[in-house]
Amino acid sequence: MAFLFIFFPVVMAALAVLIPSDRWRPWLLPAAGTLHAALTGVALARHAPLSPTAWLALDPLGKVILLVVSLLFLFCSYYAAGYLRNRGERPNRVFCVCLLAFLGIASLVAWSRHLGLLWVAIEGTTLVTAPLIFFNHTQRSIEATWKYMVVGSVGIALALLGTFFLAYAALHAGHETSLMVHDLVQHAPDLSKPWLHAAFVLLLVGYGTKMGLAPMHTWKPDAYGEAPGVVGAILAGGVTSCAFLALLRAYHICVAAGESVYVSRLLLLMGLLSMAVASLFMVGQRDMKRMLAYSSVEHMGILVLGLGLGAPALFGTLLHVVNNGLTKGILFLSAGNIHRAYNSKSTEQVSGAMRRLPLSGTLFLVGFLAITGSPPFGPFISEFMILNGAFTTGRTAIGALFLVLLLVVFIGMGATVLKIVQGRPAFAARSTPYRDSVLTGAPMLGLLVLVVVIGVVLPAPLAALITDAVRYLEGRP
Amino acid sequence: MSNLLNSLLVMVLMLNLFALGTSRIASVIRTVAMQGALLGTLPLVLHGHLSGGALLIAALTITLKGVVIPGMMNRALRDVKIKREVEPLIGFQASVILGALATVCALLFAGRLPLAAAHAGTLVVPTAIATVLTGFILLITRFKALTQVMGYLVLENGIFIFGMLLVQAMPLVVELGVLLDLFVAIFVTCIIVNHINQAFSSLDTRRLASLKE
């Protein structure tokens with residue numbers, strides 16, 4: 001099963017290399033996305049017992065991440081087919097190959113139960129997404145790709161050192177060195193504490209760089225700003241979720257080792273710092289894609305904060321991974337459409353998007369309301385649960401700060417979004433031929449339906465999936 | 001055995017200082033290549049017994065770090081027609097002194113670390129820390145894109161040295177995966193370096209400054 005998940009996208013990528021036509025090649029993406037989503041459905045429904053020696057197995061945490069990546073990719077793949085049809089002037093072989101390879105590697109991240117293999121896969125996601133950021137081949141996109149590669153590679157190298165430290169913590173305790181998640185969790189109480197602490201710091205910095213936590217977020221606005229909208233969606237919802245899974249693994253081991261006080265202090269600090277930095281840069285932001293990048297920094301902060309709050313907030317945190325991934329999809333895809341129609345992503349040129357592109361403009365506004373935690377959308381539920389977690393654990397000050405920062409973000413982001421969607425489009429923008437189409441419109445609506453459904457009813461299978469993951473994380477059978 | 005190991009590691013430490021002290025990019029590439037090849041022999045020295053897997057990894061590491069990657073870097077260097085790193089953030093002599101200080105700190109620091117008894121007498125951990133620090137010094141103080149890549153490679157070498165202590169934890173497949181990632185990373189970076197040179201007519205990363213708030 002695992003091999004199917006990982007290899008069929010790779011085979012499709014090989015196929016994409018061979019197909020000579022730029023017009024037909026992009027259709028491989030929806031085919032792969034649909035097949036992957038179907039496979040994910042089958043894999044999530046199965047309840048196979050976890051084998052302690054299997055390298056590739058789907059535990060409850062992996063299931064949540066696999067679900068996010070698969071759903072997001074499904075919608076993005078149809079959008080990408082529409083997007084690439086509009087961008088007929090650019091060859092898309094590398095783009096399709098890298099996107100398909102990403103699907104395979106992200107599946108490997110979700111299935112991997114060996115921390116070394118997990119590292120290899122996450123580094124792989126950096127490598128296959130770098131050419132995607134470079135798609136437009138402009139000076140600015142070169143700069144963004146360079147920063148993404150350098151900052152990302154150095155960060156992830158530190159994560160490898162952290163992984164080694166974890167293994168050394170086991171070796172120092174006299175256990176056979178192993179990087180299997182199962183072994184490390186089993187031996188967690190014996191692990192050498194100084195090495196474990198150092199390992200967690202390095203893993204937090206390393207994988208935190210990949211997630212885009214402040215102050216390691218500097219690559220993020222550049223990369224998200226210059227990448228095509230659909231790539232932004234994959235980065236903000238897919239790559240970050242993969243990196244968060246790695247952090248969850250480290251958290252799992254540390255909590256099993258009885259170090260929850262130490263890790264939660266660090267996580268709370270990083271979470272609040274990321275939210276604060278994001279809210280500062282979001283106020284007065286003129287570039288809509290950079291604004292979305294800071295929103296991503298903020299939500300990574302929320303995830304880490306939720307993790308730091310521990311048990312009462314874990315359900316909300318894992319639910320927020322799903323909500324953030326899907327809502328970022330709506331925002332980046334609609335921002336991509338608006339960018340196409342105006343040939344600009346700055347509020348100086350873009351206004352009146354709701355008149356110029358009724359569907360994308362409206363969805364951009366709705367996506368903004370959803371991501372900032374307005375009811376009845378999914379993020380409202382998950383952010384509320386995290387806030388609730390802060391108050392039930394008696395951390396009133398953190399809860400209050402969390403609320404204030406959410407409010408600042410709402411106001412800052414709202415000002416930019418309203419400038420974009422309201423008013424009259426300038427003449428230059430009305431003359432471009434771009435219009436909303438089925439392929440670039442329907443995926444956003446699909447994502448919106450999911451976000452609303454999660455917000456209104458919270459489907460029982462999803463709730464069960466996340467409850468399982470929380471139980472697994474807390475070490476209860 | 002421990003003597004041979006320690007003398008190899010001392011050579012690694014000296015190569016760190018060489019890499020910091022030279023302005024010619026070609027020399028930096030050669031130094032890092034030698035360091036990489038030297039590291040490839042470490043697993044054989046450290047573990048004595050020669051299994052097929054260990055030999056394969058050693059051979060691949062030496063080929064990749066000693067031949068393939070330096071070859072790619074040299075080609076990139078030829079294409080961009082520059083020879084020297086000019087005006088680093090801190091001078092070359094100062095870099096060497098900083099590198100030496102980092103090495104001393106690493107030695108002192110490693111002495112205080114809670115190491116397993118088998119590792120306390122060797123230079124593996126201090127060399128790993130010193131090499132990681134050297135990588136950071138190169139990354140931060142140099143501005144030519146190619147030298148920064150070399151800095152990343154030195155950083156990676158440092159982590160590789162630490163990994164020597166943990167062979168059982170890293171099975172063959174994962175080791176191969178790490179090497180593959182490194183290869184692809186350098187490959188992609190060389191392509192970007194080439195594009196930087198074409199688009200900006202320079203390899204100076206300070207020119208990459210149009211994206212900011």
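Start with burial in chain A. Buried residues account for 63% of its 477 residues; buried means 20 or more other C-beta atoms within 10 Å of the residue's own, exposed means 12 or fewer, partly exposed lies in between, and C-beta atoms are placed from the backbone. The model is predicted: local features need pLDDT of at least 70, side-chain atom pairs count only at pLDDT 80 or more, and totals for chains, interfaces and linings use all residues. Residues are numbered from 1 along each chain as its sequence is written, while chains are lettered from A and ligands numbered from 1 in the order in which they are written.

**Select chain A**

Colour by secondary structure. Chain A has 20 helices and 0 strands; these are DSSP runs numbered from the N terminus, helices being H or I of at least four residues and strands E of at least two. The radius of gyration of chain A is 21 Å, close to the 23 Å of the globule rule for 477 residues, so chain A is as compact as a globular protein of that length. That radius is taken over C-alpha atoms, and the rule is 2.2 Å times the number of residues to the power 0.38. Along the principal axes, the C-alpha trace of chain A spans about 70 × 55 × 40 Å. Of the contacts in chain A with a separation of 6 or more, 81% join residues 24 or more positions apart. A contact is two residues with C-beta atoms, placed from the backbone, within 7 Å.

**Select 229-256 and 288-309 of chain A**

These are helices H10 and H12, packed at an angle of about 20° with axes 11 Å apart. That makes H10(A) roughly parallel to H12(A), a label for angles under 35 degrees, with over 145 roughly antiparallel, 65 to 115 roughly perpendicular and the rest oblique. Show side chains next. On H10(A), Gly232(A), Ala236(A), Thr240(A), Phe244(A) and Tyr251(A) meet residues of H12(A) that include Lys289(A), Ser296(A) and Leu307(A).

The contact takes 32 residues from chain B and 37 residues from chain A. On chain B, the elements giving two or more residues are helix H6 (145-163) and helix H7 (172-200). H7(B) supplies the largest share of that side, 13 residues.

**Last stop: Ala118(B)**

Look in the loop between helix H4 (92-112) and helix H5 (124-141) of chain B. Ala118(B) counts as exposed because it has 9 C-beta neighbours inside 10 Å. Now pick Leu56(B): its C-alpha atom is separated from that of Ala118(B) by 25 Å, and the two are 62 residues apart along the chain.

Methods. Axes are lines fitted to C-alpha atoms, for helices over the stretch in contact, and angles run from 0 to 180 degrees between N-to-C directions.
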